Amino acid sequence: MWVALMSELGFARYGAQGGDIGARVSALTAYEDPAHCIGAQINMPNSPVPAGHPEEDWSGEERAIIARMREWQSKEAAYQWIQGTRPQTLSYGLTDSPAGLAAWIVEKWRSWSDCDGDIERRFTKDEILSNISIYWFTRTMNSATRYYYERRQHDRANALPAPLETPAGFSVFPKEIFGPPRQWVEAEYNVQQWSVHDRGGHFAAMEEPELLVGDIREFFRPLR
């Protein structure tokens, strides 16, 4: 859809950028349209352990990353299971209750941002309530949660069919929910930028906009 839109708008050259689901969408956009998409800049590296790299060969850093990811899955990933298996049941409740919807969303903003448990260190009440209101007034929590179910049914459609040859850049923030090492990412991507920051989390565009914008400019400048 992004490729078709950019073509319809008449852009012969463009770049893609994203985090979270947008990270994979940006990568797939660059993969599907290498003649026009000049690069993908991503602020959530999400590559798996490369094929042919067994656990006995992992470094201490790799073992620590996997341990952190397993801990995150055990403490934070309940939403993935219910949204991935029974999205409709959840959606009725969240569409019916603004308090329930707010709790469901704010919990993630608090846990996944670099705020040390104090959510208003990173986001104003207006920012938080604006985000919640987008779901509430448009009644779109159903389609948002159902994405997880559809992905479980069509997981291979969300994966890169082969390594991406188009240039890729990455912004790495310390409180991101998953942070694979560069060597894992290089097995999937043509990495031309790898910027590691000392602050920021999953919502980088809102938490650290200047750092992220700086990375985006740095990555695309030589590709223009």
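**View 1. Aromatic pairs in the predicted model.** The model is predicted, and the count of aromatic pairs in it comes to twelve. Trp-72 and Trp-112 make a tilted pair, with 6.0 Å centre to centre and 45° between the planes. Trp-72 sits in helix α3 (residues 60-76) and Trp-112 in helix α6, so this pair ties together parts that are 40 residues apart in sequence. Trp-72 is buried because its relative accessible area, 11%, is under 20%. Trp-112 is also buried, at 6%.

**View 2. The Phe-219 and Phe-220 pair.** These two rings form an edge-to-face pair. Their centres are 4.8 Å apart, and the angle between the planes is 75°. Phe-219 and Phe-220 are both buried.

**View 3. An aromatic cluster.** Trp-72 and Trp-112 belong to one aromatic cluster.

**View 4. The largest nonpolar core.** This core holds 41 residues. Trp-72, Trp-109, Phe-170 and Tyr-189 touch the most other members. Helix α6 (residues 98-112) gives the most to the core, with five residues. Beyond its neighbours within four places in sequence, Tyr-189 contacts Arg-24, Ala-27, Ile-42, Asn-46, Ser-47, Leu-160, Leu-164, Ala-168 and Phe-170. In soluble globular proteins, nonpolar side chains tend to be buried together.

**View 5. A nonpolar patch on the surface.** Trp-2, Leu-5, Leu-9, Phe-11, Ile-21 and Val-25 form the patch. Together they have about 540 Å² of accessible area. Helices α1 (2-8) and α2 (21-32) each supply at least two of the patch residues. Phe-11 lies in the loop between α1 and β1 (14-18).

Methods:
Residues numbered from 1 in each chain as written. Predicted model: local features only at pLDDT ≥ 70, side-chain atom pairs only at ≥ 80, totals over all residues. Heavy atoms only, no water. Core = buried A, V, L, I, M, F, W, Y, C linked by side-chain atoms within 4.5 Å. Buried < 20%, exposed > 50% of the residue type's maximum accessible area, 1.4 Å probe, protein only. Helix = DSSP H or I, 4+ residues; strand = E, 2+ residues; numbered from the N terminus. Contact = heavy atoms within 4.5 Å. Patch = residues over 30% accessible without salt bridge, like charges linked within 9 Å, V, L, I, M, F, W, Y side chains within 5 Å. Areas by Shrake-Rupley, 256 points an atom, 1.4 Å probe, with all protein chains shown as cover. Salt bridge = Lys/Arg side-chain N within 4 Å of Asp/Glu carboxyl O. Phe/Tyr/Trp six-rings, centres within 6.5 Å; stacked < 30°, edge-to-face > 60°.
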